[in-house]
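Subject: A structure for you to look at

Hi there,

I am handing over a structure that is new to you, and my notes on it follow below. Please open it alongside this email and read the two together.

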Amino acid sequence: MNCALRQEILRAFRFTLDPTERQLAELARYAGAARWAFNHALAAKVAAHQEWRAQVNALAASGVAVEGARKQVKVSLPNKASVQKAWNQAKGDSRTGADGICPWWHEVNTYCFQSAFMDADAAWKNWLDSLKGARAGRQVGYPRFKKKGRCRDSFRLHHHVSKPGIRLVGYRRLRLPKLGEVRLHDSGKRLSRLIDRGQAVVQSVTVSRGGHRWYASVLVKVQQDLSDKPTRRQAGRGTVGVDLGVKVLAALSQPLDAADPGTALVPNPRHLRHAAKRLAKAQRALARTVKGSARRDKARRRVARLHHEVAVRRKSGIHELTKRLATGFAVVAVENLNVAGMTASARGTVERPGRNVRQKASLNRSILDAAPAEIRRQLTYKTGWYGSKLAVCDRWFPSSKTCSACGWQNPRLTLTDREYHCQQCGLCLDRDINAARNIAAHAGIAPPTAPGRGVASPVEDARGAYVRPTILRDRGQNVMKREDSRSNSLLPPQRSDPLALPPPAYTQPGLF
Ligand SMILES: [Zn+2]
């Protein structure tokens, strides 16, 4: 008997919009207002920060120790509430002719401003927390201003839940406050039904542009049945080990489709590589246009569109895979990959320039095109939805070198070996499937997480929080995944993936 728990979770429903010409202009105007508001709030913070720094410097110059001066000087940092209060007094109004800093504010929804002020608060907090070491994941830089044409065009609207201004009209229209009804490309049937049954309440909507399209991501509080146990079918299939890679997107310890053994290897569609030719052509065309010309704008839009299409295809393929894994098995076991470390800049830093920059840059592209971190993130929340569990295998577990049948370790596994040959028991198997079987056998179940939250375990999340410092030993170069060599410490560390090392330097015969 499958036991279902009804829980309230936050879930986003994303729709592609099909706006009219007039609405397109409106959407751009809203995004512009949000950008202005974010920059306005950030400027207030930066000014306060500079004021604080100037006072500290002045105090330090007068002979006070710098540490003491830093503690002594107090400058209040304007937050959303104070920024908004000051803004309300200074905004002006173009309708009455009152002069001000943004007299056009009434042309857009007020939440454009409010949510952008909140976002500036969040950006500032992220930077500070990261600086203090209170934030996991990679370092967050000093908040930057948004620049038209460079930043992501987006804005977020909220509403009163009791008087919903954000709502679906039929299945094909989304009503946005003040903007009116915008037609949807896809159907809103699923969300509409949930709302009608009283199982979903719309909280907010984020509208953003990606390439040539506008999207609405509707954030909804949903009463969802989350099963805490796998179904009989899932239980019957047990644990699946997933080895994420570049050659194939994923190798599985047992096929996705039980009847078809070929589905143990999920091909990597390499969307970026497929679009590379068209992209190169579009980029060449862009490079040949005159700056500031209408043709340049058109060429730029074409490049953006191609990139966006790659991203969309990649995402839909990954969603399909992760859903099949989460619904098809009781336990999904993955390896704990440090994607940020693996794809560290090929160029390196000024002090430590990288080697083999081109190969490494190309490998980075391939890894990121396969999107292992996104797969992991989706598996984390989807296993929570479908009654399965996510198991995570230690990053230093030598999954590629070990024989999945007898445990023998091949110390000299060469990177080009596509097949794993065991010299002890004679096993002969695709190397990635061998690795996947090891992962299935060795992964421990990750501690349960709050459903709908994208955090896998308290020690490491999808952002790569808690990274063992040793991973940086080899400057993040050429690392697909490091495996533990402690068991045979006399040997040099082995790299596990064939693409982990760049191909040996090509030397023309006869030249040397
Ligand atoms: Zn063996």
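First, a term: on a 1 Å grid over the protein atoms alone, a pocket is an open set of points where a 1.4 Å probe fits, with protein on both sides within 12 Å along at least five of seven lines, and its lining residues have an atom within 4 Å of a point. Points are joined across faces, edges and corners, and a volume is the space filled by probe spheres set on them.

This is a predicted model, in which local features need pLDDT of at least 70 and side-chain atom pairs count only at pLDDT 80 or more, while totals for chains, interfaces and linings use all residues. Residues are numbered from 1 along each chain as its sequence is written, and side-chain values use heavy atoms, with hydrogens and water left out.

The largest pocket

The largest pocket holds about 1600 Å³ of space. Its lining is made of 39 residues, and Ala12, Arg14, Lys315, His319 and Tyr381 lie nearest the centre. Helices (H or I, at least four residues) and strands (E, at least two) are DSSP runs, numbered from the N terminus. At least two lining residues come from each of strand E1 (4-16), helix H5 (189-196), strand E7 (213-227), helix H8 (294-328) and helix H11 (372-385). H8 supplies the largest share, 10 residues.

By class, this lining has 14 nonpolar, 11 polar and 14 charged residues. Here Ala, Val, Leu, Ile, Met, Phe, Trp, Tyr, Cys and Pro count as nonpolar, Asp, Glu, Lys and Arg as charged, and the others, Gly among them, as polar. Domain 1 (4-18 + 153-227) and domain 3 (232-265 + 305-488) each give at least three residues to the lining; the bounds come from an automatic or database domain assignment.

The second largest pocket

About 850 Å³ of space lies in the second largest pocket. It is lined by 22 residues, with Gly149, Cys151, Asp153, Arg209 and Arg300 closest to its centre. Helix H1 (21-61), strand E6 (200-210) and H8 each provide at least two of the lining residues, and H8 again gives the most, with 6 residues. The classes here are 7 nonpolar, 6 polar and 9 charged. At least three lining residues come from each of domain 1 and domain 2 (22-132).

Axes are lines fitted to C-alpha atoms, for helices over the stretch in contact, and angles run from 0 to 180 degrees between N-to-C directions. The axes of H1 and H4 come within 8 Å and cross at roughly 45°. Those of H3 (residues 80-90) and H4 (residues 110-132) come within 9 Å and cross at roughly 140°.

Two loop residues

Lys178 is not a glycine, yet has a positive phi of about 70°; look for Lys178 in the loop between strand E4 (173-176) and strand E5 (180-183). Arg270, also not a glycine, has a positive phi of about 45° and sits in the loop between strand E10 (265-267) and helix H7 (271-287).

Happy exploring!
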